[in-house]
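Me: I would like to learn how to read a structure feature by feature. Please give the general idea each time, then the case at hand.

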Amino acid sequence: MIDYSKVLTQTVCGIKPSGIRKFFDIAANMDDVISLGVGEPDFQTPWLVRKAGISSLEKGKTKYTSNQGLDTLRAEISNYIKRKCDIEYCPNGEVVVTVGGSEAIDATLRAVVNAGDEVIIPQPSYVCYEPITQLIGGVPVIIETKAEDDFKLTPEQLKNAITDKTKALILPYPCNPTGAIMERDDLEKIAEVLRDTNILVISDEIYSELTFADNPHVSIAAIDGMRERTVIVNGFSKTFSMTGWRLGFACGPAEVMQQVLKIHQFAIMCAPTTSQYAAVEALRNCDDAVESMKKEYNRRRRLMVNGFNKAGLICREPRGAFYAFPCIKSTGLTSEEFCEQLLEAKHVAVVPGTAFGKGGEGFIRASYCYSTEHIIEALRRIDEFVKELKK
């Protein structure tokens with residue numbers, strides 16, 4: 001018999017499966033479970049977008065596109081970034097259409113990180129950054145952001161993490177799972193630390209449209225001197241409720257994007273053609289639909305934050321994305337214990353903060369991209385659970 005321990009790579013075998021999916025899979029096999037676990041909008045993709053996808057199929061537009069994506073889509077992405085972030089990117093050479101934002105992150109990291117290079121990753125943050133870095137032989141350097149700093153990356157933390165091996169910084173704001181954002185003043189301070197270095201910023205802005213602060217989202221690439229050292233990653237899954245369409249993009253300096261495109265060419269070929277035609281319509285004509293979804297998310301956000309605080313679980317106001325990140329330390333349980341016992345006792349699925357890094361211990365993530373009725377019932381059960389723990 002074959003010895004798979006000698007076939008499989010130690011690097012891959014040493015990476016833990018996603019902590020998000022663990023509880024989702026358990027919940028899927030239980031009855032009467034309310035899940036607040038998965039970050040997938042409950043809204044349908046806007047009809048105009050679906051119609052454009054259907055039309056492309058009816059017209060037989062089912063061939064490969066250019067490796068870097070449809071010309072029209074790259075032009076619309078460039079227009080979108082200009083009007084939303086006031087940054088100009090050339091559609092031919094500085095924009096690559098990818099299979100979701102995750103591929104854009106993967107390809108960008110592979111384009112810049114050599115074995116042994118260090119990648120600074122603030123945590124708690126999305127689950128893919130650290131394993132992708134490890135898969136390409138890079139060294140993750142974790143910065144644990146703090147609740148008292150609203151989970152923002154501070155310039156002091158960044159300075160202390162930089163070494164002569166630092167190659168890149170992941171900037172995951174608005175943040176999954178904490179809901180933290182970085183405003184212009186915060187980004188100016190980060191930019192000041194980076195300006196005289198050769199460190200590339202990979203700015204994951206997949207939740208850029210879902211910002212609930214008084215001011216709109218600001219990209220670090222818009223800060224003086226940062227465009228040349230930043231790759232913006234974004235996509236259509238969250239903003240346009242297009243998770244299953246699997247479409248994202250990366251924008252950055254031509255010198256970097258040329259190498260990103262090369263990786264994309266060999267690993268993927270091109271993003272799904274139907275999704276690309278649909279995305280053109282999303283960027284052109286769906287601002288109103290996005291605003292409508294955002295208003296509903298904001299209403300649910302307030303409902304969820306109030307519900308957790310009333311249950312005695314301190315929950316800071318998430319100002320971006322669609323997640324609440326309440327502290328459960330008052331229960332005396334670890335994040336994992338809290339989630340396991342809540343699922344067992346009350347059939348409510350949430351995600352332990354530790355799924356997003358060690359700094360997430362003492363917290364849980366709950367998504368509010370579910371219906372109001374869904375959230376109200378989940379909060380009722382959570383309140384019951386916390387009260388029973390105190391007896």
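Reply: A search of the whole structure finds zero disulfides, where a disulfide is a pair of cysteine sulfur atoms within 2.5 Å. Cysteine 270 is in no disulfide, and the nearest cysteine sulfur, that of cysteine 251, is 18 Å away. Cysteine 286 is in no disulfide either; for this residue the nearest cysteine sulfur belongs to cysteine 85, 18 Å away. This is a predicted model, in which local features need pLDDT of at least 70 and side-chain atom pairs count only at pLDDT 80 or more, while totals for chains, interfaces and linings use all residues. Residues are numbered from 1 along each chain as its sequence is written, and side-chain values use heavy atoms, with hydrogens and water left out.

Me: Is cysteine 286 buried or exposed?

Reply: Buried means under 20% relative accessible area, exposed over 50%, and partly exposed in between, with a 1.4 Å probe and protein chains only. Cysteine 286 counts as buried because its relative accessibility is 2%. Cysteine 270 counts as buried too, at 12% relative accessibility.

Me: How do I read a sheet, and what is the order of the seven strands in the open sheet?

Reply: Strands of a sheet pair through backbone hydrogen bonds, either parallel or antiparallel. Here two strands pair if DSSP finds at least two bridges between them. Helices (H or I, at least four residues) and strands (E, at least two) are DSSP runs, numbered from the N terminus. The seven strands form an open sheet in the order S2-S8-S7-S6-S5-S3-S4, with mixed pairing. Its edge strands are S2 (95–98) and S4 (139–144), each of which pairs on one side only. The twist averages 20° from one strand to the next.

Me: Which strand pairs with S2, and over how many bridges?

Reply: S2 pairs with strand S8 (residues 248–251) in the antiparallel sense, over four bridges. The bridge partner of valine 96 in S8 is alanine 250. As for side chains, Val95 and Val97 point one way from S2, Val96 and Thr98 point the other way, and all are buried.

Me: Where in this sheet can I see a parallel pair?

Reply: Strand S3 (residues 118–123) and strand S5 (residues 166–171) run parallel and are joined by three bridges. Valine 119 stands opposite alanine 168 in S5.

Me: What is the strand order in the open sheet of three strands?

Reply: The order is S9-S12-S11, with antiparallel pairing. The edge strands are S9 (323–324) and S11 (351–352), each pairing on one side only. S11 and strand S12 (residues 364–367) pair over two bridges in the antiparallel sense, and valine 351 has arginine 365 in S12 as its bridge partner. Helix H11 (residues 287–310) lies across S9 and S12, running at about 145° to S12.

Me: How do I read a helix crossing, and at what angle do H5 and H9 cross?

Reply: Axes are lines fitted to C-alpha atoms, for helices over the stretch in contact, and angles run from 0 to 180 degrees between N-to-C directions. The axes of H5 (residues 100–112) and H9 (residues 254–267) come within 9 Å and cross at roughly 115°. A crossing is left-handed if the near helix is turned anticlockwise from the far one by less than a right angle, and right-handed if clockwise. H5 passes H9 in a right-handed crossing. Residues that meet there include Glu103, Ala107 and Arg110 in H5, and Val256, Gln259 and Ile263 in H9.

Me: Which handedness does the crossing of H3 and H10 have?

Reply: The crossing of H3 and H10 is right-handed. The axes of H3 (residues 47–58) and H10 come within 8 Å and cross at roughly 145°. Among the residues that meet are Leu48, Ala52 and Ser56 in H3, and Tyr277, Ala278 and Glu281 in H10.

Me: Where is serine 275 found?

Reply: Serine 275 is found in H10 (residues 273–285). At 5% relative accessibility, serine 275 counts as buried. Leaving aside neighbours within four places in sequence, serine 275 is in contact with Met242, Trp245 and Leu247.

Terms used
Contact = heavy atoms within 4.5 Å.
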